[in-house]
Amino acid sequence: MLVKPTLVVATLSEIDLHRLWDEGLRGFIFDLDNTIMAPHTGILEDHIGEWLKTLEEMGYKSIVVSNNPIKMYTDAAAKTLNLPVIGNAGKPRRKMLYKALELLELEAHQVAVVGDRPLTDIWGGQRLGSKTILVDPLIKEKEHQIVKFLRRLERMFVHPGPH
Ligand SMILES: [Mg+2]
């Protein structure tokens, strides 16, 4: 198994939206925790909110697919983001990613799956046949050592570049 994100970026704003549009991309499937929101905060930072607005203005469609099982939380996130949020998704399983494509009314090749976790977000997106974008987690410093260790391990599976 090899996880090969199409792009690896430090922050969402590094994503070249015009270039992706020219390549035929029309939508994004975002991970929630640590990708567009700091975990457990329910707070959308201004710069990310602005970036999401830019996407919408350009004509991109967006949806959030999260493995977070707490419905109250994912429902609240949907309200804050003003985007549909599918929770308890079980990524890297594809079932809910297919559902997201259905809701976006887009094909897999027209969508990029964006997330901070190689083995759930990126692996799922790769299996879906979509472009994948790995971003650095929004919050790193509060993580336990074991989580940091697991993240390092996970990154060992990552080989940036075209599929
Ligand atoms: Mg995440």
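User: What order do the strands take in the sheet, and are they parallel or antiparallel?
Analyst: In this predicted model, six strands make an open sheet in the order 1-6-5-2-3-4, and the pairing is parallel.

User: Which strands stand at the edges?
Analyst: Those are strand 1 (7–9) and strand 4 (85–86). Each has a single partner strand, so one side of each is left without a neighbour in the sheet.

User: And what holds strands together in a sheet, in general?
Analyst: Strands of a sheet pair through backbone hydrogen bonds, and they can do so in a parallel or an antiparallel way.

User: What about strand 6 on its other pairing, with strand 5? How many bridges there?
Analyst: Strand 5 and strand 6 run parallel and are joined by four bridges. Here I133 turns up again, as the bridge partner of V114.

User: Is strand 6 mostly covered or mostly open?
Analyst: Mostly covered: strand 6 spans residues 131–135, and four of its five residues are buried.

User: Which helix goes with strand 5 and strand 6 in a β-α-β unit?
Analyst: Helix 5 does, and the unit the three of them make is right-handed. There is another right-handed β-α-β unit to find, built from strand 2, helix 2 and strand 3.

User: Let's follow that one. How are strand 2 and strand 3 joined?
Analyst: By four bridges, with the two strands running parallel. One place to check is G27, whose bridge partner in strand 3 is K61.

User: And strand 3 with strand 4, how many bridges?
Analyst: Two bridges, again in the parallel sense, with strand 3 covering residues 61–65. V64 stands opposite V85 of strand 4. Strand 3 is mostly covered too, as four of its five residues are buried.

User: New topic: the metal. Which residues are the protein donors of the magnesium ion?
Analyst: They are D31 (OD), D33 (O) and D116 (OD), and they lie 2.1 to 2.2 Å from the ion. Along the chain these donors follow the spacing D-x1-D-x82-D.

User: Where do D33 and D116 sit?
Analyst: D33 is in the loop between strand 2 (27–30) and helix 2 (46–58), while D116 is in the loop between strand 5 (111–115) and helix 5 (118–128). They are 83 residues apart, and the pair links distant parts of the chain.

User: Are those two buried or exposed?
Analyst: Both D33 and D116 are buried.

User: Which residues have a positive phi although they are not glycines?
Analyst: N82 has a positive phi of about 55 degrees, and E105 has one of about 60 degrees.

User: Where are they in the chain?
Analyst: N82 lies in the loop between helix 3 (71–81) and strand 4. E105 lies in the loop between helix 4 and strand 5.

User: Buried or exposed?
Analyst: N82 is exposed, with a relative accessible area of 69%. E105 is exposed as well, at 66%.

User: How about P137, buried or exposed?
Analyst: P137 is buried, with a relative accessible area of 6%. You can find P137 in the loop between strand 6 and helix 6.

User: How far is P137 from A77?
Analyst: In space they are 17 Å apart from C-alpha to C-alpha, and in sequence they are 60 residues apart.

User: Last one! Which residues form the nonpolar patch on the surface?
Analyst: F149, L150, L153, M156 and F157 do, and together they have about 470 Å² of accessible area.

User: Can we zoom in on L153? Where is it, and why does it count as partly exposed?
Analyst: L153 is in helix 6 (residues 145–155). Its relative accessibility is 34%, and partly exposed covers the range between buried, under 20%, and exposed, over 50%. That is why L153 counts as partly exposed.

Technical notes
Residues numbered from 1 in each chain as written. Predicted model: local features only at pLDDT ≥ 70, side-chain atom pairs only at ≥ 80, totals over all residues. Heavy atoms only, no water. Patch = residues over 30% accessible without salt bridge, like charges linked within 9 Å, V, L, I, M, F, W, Y side chains within 5 Å. Areas by Shrake-Rupley, 256 points an atom, 1.4 Å probe, with all protein chains shown as cover. Salt bridge = Lys/Arg side-chain N within 4 Å of Asp/Glu carboxyl O. Buried < 20%, exposed > 50% of the residue type's maximum accessible area, 1.4 Å probe, protein only. Donors = N, O, S within 2.8 Å, 3.2 Å for Na, K, Ca; no water. Pairing = 2+ DSSP bridges. Right-handed = clockwise from strand over helix to strand, strands pointing away.
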